[in-house]
Structure formats: C-alpha cells, structure tokens
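Let's take a friendly walk through this structure, one stop at a time. Have the sequence and the 3D view open as you read.

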Amino acid sequence: MRYTFLFLFLIANILINAQQKYTISGYIKDSNNGEELIGATVYVKELKNGTISNPYGFYSITLKKSTYNIHVSFIGYKSFSKTIELEKSTKLNIILSPESTDLDDVNVFAEKKDANIRKVEMSTNKLDMKVIKLIPALMGEVDIIKSIQMLPGVQSSGEGSTGFYVRGGGVDQNLILLDEATVYNASHLGGLFSVFNQDAVKNLKLYKGAIPAEYGGRLSSVLDIRMKDGNLKKFSAIGGIGLISSRLTLESPILKDKSSFVLSGRRTYIDLFFPLFNNEGLKDSKAYFYDLNAKINLTIDDNNRIFISGYFGKDVFSFSKMMSMMYGNTTLTLRYNHLFSDKVFSNITFIYSHFDYGLESNQSEALAFNWNSDIIDFSFKNDYTYYMNPNNTLKFGYGIIYHTFKPGYANKIGEESIFNDLSLPDRYALEYSLFAGNEHKINDNISLIYGIHFSGFSNMGKDKYYIYNKDNPNEYIPIDTMNYSSGKIYNTFVNAEPRLGIRFKINSKSSIKASYSNTVQYIHLATNTTSVTPLDVWFPSSSNIKPQKANQFAIGYFRNFKDNTYEMSVELYYKKMNNTIDFRDHAQLLLNKYFEGELRVGTSYSYGAEFLLKKQVGKFTGWLSYTYSKTMRKIPEINGGEEYRAPYDKPHDISIILSYSLTKRLTISTNWVYSTGAPRTMPTGRFEYSGMIAPVYSDRNAIQLPDYHRMDLSVTLKGKKYKKNGKLKRIQSELNFSVYNVYDRHNAYSINFKQSETNRYETEAEKFYLFRIFPSITYNFKF
C-alpha cells in the first residue's frame with residue numbers, strides 16, 4: 001500500500017507540474033509595414049534560454065507558472081521587454097520599431113551579433129538585403145545570386161553567370177526555392193542577371209551543409225528565398241531606373257492590418273535602341289527580359305492565415321528574323337497557416353513550378369524549325385512545428401511532387417523545311433518525403449539538432465525504357481526496350497537521409513560545432529557547359545540512372561572579438577558522393593532518344609577549408625572569405641579509369657567585400673574576387689592523317705584556364721531626408737554609381753583553338769572574354 005500511495009503521489013505531482021506549465025505565443029511584426037520578422041529572438045532572462053520566430057514570424061515558448069522578464073530583439077530594430085506573471089497561457093503579439101534607416105545600423109549577416117556562437121546550425125549564411133544592395137553590381141543591377149557567390153564555400157560558375165557551386169557540387173545540386181517553389185533556372189540574359197528582383201525579396205538563407213531535415217532533393221545546398229508579404233499599414237512604392245533596366249514595386253493594405261498585396265515588376269530595355277542602329281540585322285532584333293512578382297496575404301483570424309504568391313519571368317532573344325529563343329519560369333504558391341494550439345503551428349502548401357524554353361530558326365525555308373522543352377512540377381506539402389518546451393522544438397511533415405519532363409519536341413516550319421518532326425517521349429515521376437527533426441538544448445553549453453528525411457522516387461508510365469549492352473565503354477548499344485502503360489509505376493527508389501548537428505559552447509565568445517548530413521538527388525541536369533544555360537535538359541533517375549548520394553562531414557570553430565563586433569569562423573568539410581554522373585566524350589545530349597546511353601557513372605569526393613572574417617556593425621563593415629577546396633571524380637569509362645578533376649575544381653577562392661559610410665548620406669563600397677582558373681579538356685598536340693590535321697586532347701579536365709580576378713567599386717549618395725522645415729520628405733531617393741571590373745581585367749570566358757590561316761601546321765589559341773571596365777548609374781526611389 002505504501003508503494004501504491006507513493007506511485008500515485010508521483011503521478012499526481014507530475015500532473016500538477018504539467019498543469020502549471022503555460023505557453024506564451026504570438027507573432028513578431030514590423031511596426032512600419034506589419035511584415036512578420038523571421039528569426040527574431042525571444043529571450044527569457046530567468047532561464048537564460050529562449051526561442052526564435054519561424055518563417056512566418058510566429059514564436060511559442062512554454063514555461064512553468066512564475067514571473068518572467070521577456071526580451072525580444074531583432075537586428076536593426078528597437079528591443080522589446082516585458083515582465084509577465086505567467087498564470088495562464090498568453091497570446092502576446094509583439095511589434096518592433098526600426099531603430100534607424102541609417103547605414104550605420106546595417107548588420108552584414110542579418111542576425112543577432114552572437115548568433116554564430118549560440119546557434120547549433122553551421123555551414124549556413126543569411127545575408128541582409130541592405131548589404132546586398134550596397135555591393136557593386138554589373139550594369140547597376142543588384143543580384144542576390146552573385147552576392148552569395150562571394151561567401152566561403154560558394155564558387156561562381158564563370159564570368160557573367162548566376163550558376164554557383166557549393167562544396168564540390170554541380171550547379172544542378174543546389175535547391176533554389178522562392179516561397180517554397182523550385183526555381184529550375186535562376187538566370188536572365190544567359191546568366192548575366194538572376195531572376196530575383198531585389199525589391200521583392202524579404203529574406204534569404206543559404207544552407208551549404210547540415211541541411212535541416214525538412215529539405216531534400218538536392219545534394220549540395222538549399223537557397224531559401226522568401227518574398228515580401230506586402231505592407232499592412234499603408235501604400236508604399238520602391239523602384240529604380242538604370243542604364244539597361246527599370247523596376248517598380250507597389251505594396252498596399254487591402255484591409256488594414258488584415259490583408260495586403262505586393263506587386264513587383266522589372267524589365268530591360270536595351271532592345272528599344274536597336275532600331276537606332278545602322279545595322280539592318282539589329283533593327284529587327286530583340287534582347288530583353290521581364291519578370292513579375294505578386295503576393296497576397298490574408299489574416300482570417302488569430303489562428304488562420306492564407307498566402308498566395310507567384311513569379312512570372314521570360315527572356316526573349318531574336319536576331320533579325322533568322323533566329324529566336326524564349327525561356328522562362330513560372331511559380332505559384334498557395335499556403336495556409338493554422339494554429340492547432342499555442343504550441344503547434346502547421347503549414348499546408350500547394351505549389352506549381354514550370355520552366356520552359358523554345359528555339360526557332362528561320363534562316364531559310366529549308367532550315368526552318370522550332371524546338372521546345374519543359375519541366376513541370378505539382379507539389380503538396382504539410383509540415384508542423386511543435387514547441388514542446390524551451391529545450392525542444394520538433395518539426396515534422398511530409399510532401400509529394402509530381403514531375404513531368406518534356407525533354408524536347410522539334411517541328412519543321414513549312415513544307416520546304418528539310419527537317420522532320422521529332423519528339424522525345426514525355427516522362428513522369430513521383431517524388432515523396434517524410435521528415436522529422438528536433439532542436440534539442442541539453443544545457444547552456446551543449447545543443448543538438450537531429451532528424452531524418454525519408455525520401456522516395458517512382459518512375460511512372462507512359463514510358464519507354466531502353467536496355468543497353470555496356471560491353472564497349474565508349475558506346476552503349478540499345479538492345480531491347482520495355483514499354484509501360486499510362487500511370488504504371490515501374491521503378492522505385494527509397495532512401496533514409498539522417499542529419500545531425502552538435503554545438504559545444506566554450507564560453508560566451510567561442511564555440512565548436514560539428515555536423516553530418518546524408519542527401520539524395522533524384523533528378524539531374526544534362527549539360528556540356530560549365531554553367532546553367534536555357535538549353536540544358538533535366539532528366540529523372542530511372543532503371544539506368546541511380547539517384548546520386550552524398551555524405552558530408554563538417555567541423556568548425558567560431559570566435560567573436562570586441563563585444564561581437566568582429567566574427568571569425570573556420571570550417572573543414574569532407575564530402576563523399578556516389579553515383580556521380582558525367583558524360584562520355586563527344587556525347588549527344590539534345591533530342592537523343594538514347595540519351596541515357598551517353599551517361600557514365602562513378603564516384604567523386606570533395607574536401608576543403610573555409611575561412612570567414614566579418615565586421616558586423618559600424619560605419620565600416622564587410623567580410624573577407626577564403627576557401628581552399630579539392631574536388632575529384634573517378635568514373636571507370638572516363639579518362640582511362642583514372643581520377644580526374646571536376647570541371648569546377650578551383651582550389652583557391654578569395655572574396656573581399658568592404659563598405660564605408662563617410663556620412664549618413666554617402667557610402668563607398670568595393671569588392672575584390674579571385675579564383676583559380678577552372679580546369680578544361682584542351683588540345684595538347686596534333687597529327688596528320690590522310691592530309692587532314694587532327695587535334696590530340698589532354699586528359700579530362702587536365703588543363704587550367706588563367707586565374708580569375710576582378711575589382712568593382714560603387715558610390716551611393718542618398719538624397720536629403722528632410723525638408724527645410726524639418727518634415728520628412730515623402731519621396732526618398734538615392735543615386736548609385738558603380739564600376740564593374742575597375743582595372744579592366746580581361747578574364748577568360750573560354751579559350752578556343754583554330755588552325756592558323758598562314759600555316760596549317762600551327763594551332764592558334766583565342767581567348768574570349770565578356771566584359772572590360774563597365775561603369776553604370778542607377779537612380780533609386782521610395783515613397
């Protein structure tokens with residue numbers, strides 16, 4: 001009986017304690033426009049612990065019955081403090097006011113000063129849009145993608161390109177999301193600019209490793225970009241007029257504090273001047289892009305919200321009436337947020353993503369044709385966040401994507417055309433996932449983040465699958481076919497992808513972190529170039545193509561100096577990749593029904609060290625990053641089975657970004673970038689056969705291009721903020737002067753070899769470069 005009473009007493013005590021725990025929850029918003037603040041810190045002084053707001057500005061923390069001092073902070077905003085006698089669950093929506101619009105308050109990496117020490121996550125960067133707008137830009141067009149190319153562990157795919165490589169991964173191994181929708185081609189004008197309008201973006205975060213369990217589908221990185229929600233308080237506009245493009249963004253409440261919209265447009269107009277040229281071909285030519293971002297959000301009540309957002313972009317090229325090309329992205333996202341309780345936040349998302357391109361030739365009636373290709377996704381996601389207690393935040397959910405691959409269909413134009421209609425069969429697949437992860441604080445010094453991402457991929461009919469004889473490594477011969485009816489699932493892959501991160505805080509100024517992530521990629525990009533182009537083709541894993549897999553280990557040391565004014569980090573990583581895809585020599589990738597026979601599969605690995613030093617706040621800000629890396633491949637049928645360099649193996653990469661506010665109105669910014677030249681396969685000799693001169697090529701990627709380096713400079717002059725009578729001007733403006741490639745470096749875009757016109761036994765090398773020194777001016781305004 002004594003033991004029974006003791007057991008009942010313990011149970012009763014547990015229940016009483018459980019009943020005496022209450023939850024403080026709510027949304028954290030900007031006082032000026034009502035936008036939710038992502039990543040704001042909610043700190044409980046008595047616990048020396050707290051939480052952060054999620055991507056929708058929601059926070060929740062569960063505490064025992066007591067009195068607490070709550071402190072809420074966000075970079076660039078005045079802090080909020082309140083003493084709460086917690087006797088019941090409390091809804092506390094918090095409004096933070098910006099401290100100042102002066103550049104002195106800019107924070108380079110958009111996080112709390114000691115976030116790099118406290119947080120478990122590593123191999124992650126979050127850039128402030130204010131800083132991105134200060135970085136000197138090509139033709140004055142601020143570019144998000146080119147800004148992240150200057151971070152450690154991230155390398156540009158080439159001059160004038162928005163493609164990027166992360167820790168030994170290819171350009172197709174980066175998952176780029178805009179409001180959770182996949183963007184398959186993030187470039188405009190062949191890569192000179194990215195598709196992301198600076199004025200429409202609210203927040204961006206790059207994961208290079210330790211990828212959270214909710215993400216899957218790519219090996220190397222996740223770039224998560226969130227659009228603005230729209231001003232809930234008042235009408236506002238922001239825009240800019242540059243040498244080659246202009247942009248305008250409008251925001252306004254529909255129902256004040258309840259619903260709002262944002263509409264953002266951008267277009268280049270250099271083609272409008274083509275008719276002024278004497279060249280007859282240019283007069284009828286076009287070269288422009290446009291994009292449109294739109295978003296509506298509606299607060300139904302405290303527990304329910306709806307967001308509808310979309311992106312629509314198109315590039316148009318044509319030379320006279322001889323040739324034309326069009327390509328573009330379309331995304332649509334419908335999200336429904338629901339609070340099941342003050343501790344459980346849910347998000348239901350429907351997503352549509354479409355990338356298409358077309359090429360048309362009218363050089364003559366005999367050579368007239370058009371060619372089109374598409375990739376289309378329909379997706380559904382349902383995820384939950386459970387704020388168990390101050391030491392545990394659990395995330396879990398599931399998702400499914402229906403892929404449609406249209407690899408190419410070409411049609412002749414007119415009866416005189418010598419081309420025949422050719423269409424490759426559409427391909428279909430289902431990709432599905434289930435995930436769970438927890439951020440677990442064991443004590444003040446040790447924190448963990450762990451989870452698992454279960455993923456699956458199924459090929460679906462209607463489809464035709466070719467079986468190849470692979471006896472000859474130089475040419476796989478199709479010997480049989482398998483046909484599958486519409487809707488038939490005929491091939492399935494299933495994988496478990498564990499993720500783990502740990503942080504050990506040495507003291508308030510330093511910490512050590514380590515992580516492991518396993519990732520799997522089911523869809524791949526066919527390209528023979530070093531950067532993403534509109535003509536690249538996405539294709540699925542299949543019975544012939546296994547999904548690519550990667551295991552990445554990383555460890556890092558993080559240290560802050562002078563009251564967190566300076567931050568320093570060193571990260572080491574090693575990544576092992578299986579089922580790495582490359583192409584045989586002289587592969588035919590486009591409109592080839594035996595395309596899978598062109599692929600060769602093997603292994604690869606990458607290792608490196610990343611150094612970052614940044615100054616967070618003050619008049620003088622910026623960062624210095626250096627990356628040393630090595631990326632190698634080994635594929636039995638390529639390079640004689642010997643190990644060879646990946647096409648993006650550039651061992652040394654340096655970026656220096658500096659900004660100095662001379663006054664509250666005048667700011668000077670500069671950046672200098674350097675990288676080792678990319679490896680290429682090039683002629684190293686020649687021989688004569690039957691009177692013809694033929695080249696002898698090096699081993700795969702054995703020759704290195706010249707090293708790349710460039711300096712840019714910009715000066716930003718803000719207009720006067722106040723009228724003579726002391727009142728704030730309704731229209732705020734600024735002028736930005738920038739110079740791209742200040743010292744006129746002729747960086748090699750490519751090197752071509754040709755036979756000398758004067759001596760057929762000599763070969764001449766020609767260097768092709770894109771840009772010399774390029775000045776520009778942009779006028780920006782807002783009201």
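Ile254 is partly exposed in this predicted model, because its relative accessible area is 48% and partly exposed covers the range between under 20% for buried and over 50% for exposed. You will find Ile254 in strand 19, which spans residues 245-255. Ile254 also belongs to a nonpolar surface patch of about 550 Å², made together with Leu255, Ile296, Ile308, Leu334 and Phe350.

In general, strands of a sheet pair through backbone hydrogen bonds, in either a parallel or an antiparallel way. Strand 12 (residues 174-178) and strand 17 (residues 221-227) take the parallel sense, and five bridges link them. To see one of these pairings up close, pick Ile176: its bridge partner in strand 17 is Leu223.

Now step back to Asp172, which sits in the loop between strand 11 (164-166) and strand 12. Is Asp172 buried or exposed? Asp172 counts as buried, because its relative accessibility is 10% and the cut-off for buried is under 20%. Leaving aside neighbours within four places in sequence, Asp172 is in contact with Arg218, Gln521, His524, Leu525 and Trp538. For a sense of scale, look across to Arg730: Asp172 and Arg730 are 558 residues apart along the chain, and 45 Å separates their C-alpha atoms.

Methods. Residues numbered from 1 in each chain as written. Predicted model: local features only at pLDDT ≥ 70, side-chain atom pairs only at ≥ 80, totals over all residues. Heavy atoms only, no water. Patch = residues over 30% accessible without salt bridge, like charges linked within 9 Å, V, L, I, M, F, W, Y side chains within 5 Å. Areas by Shrake-Rupley, 256 points an atom, 1.4 Å probe, with all protein chains shown as cover. Salt bridge = Lys/Arg side-chain N within 4 Å of Asp/Glu carboxyl O. Helix = DSSP H or I, 4+ residues; strand = E, 2+ residues; numbered from the N terminus. Buried < 20%, exposed > 50% of the residue type's maximum accessible area, 1.4 Å probe, protein only. Pairing = 2+ DSSP bridges. Contact = heavy atoms within 4.5 Å.
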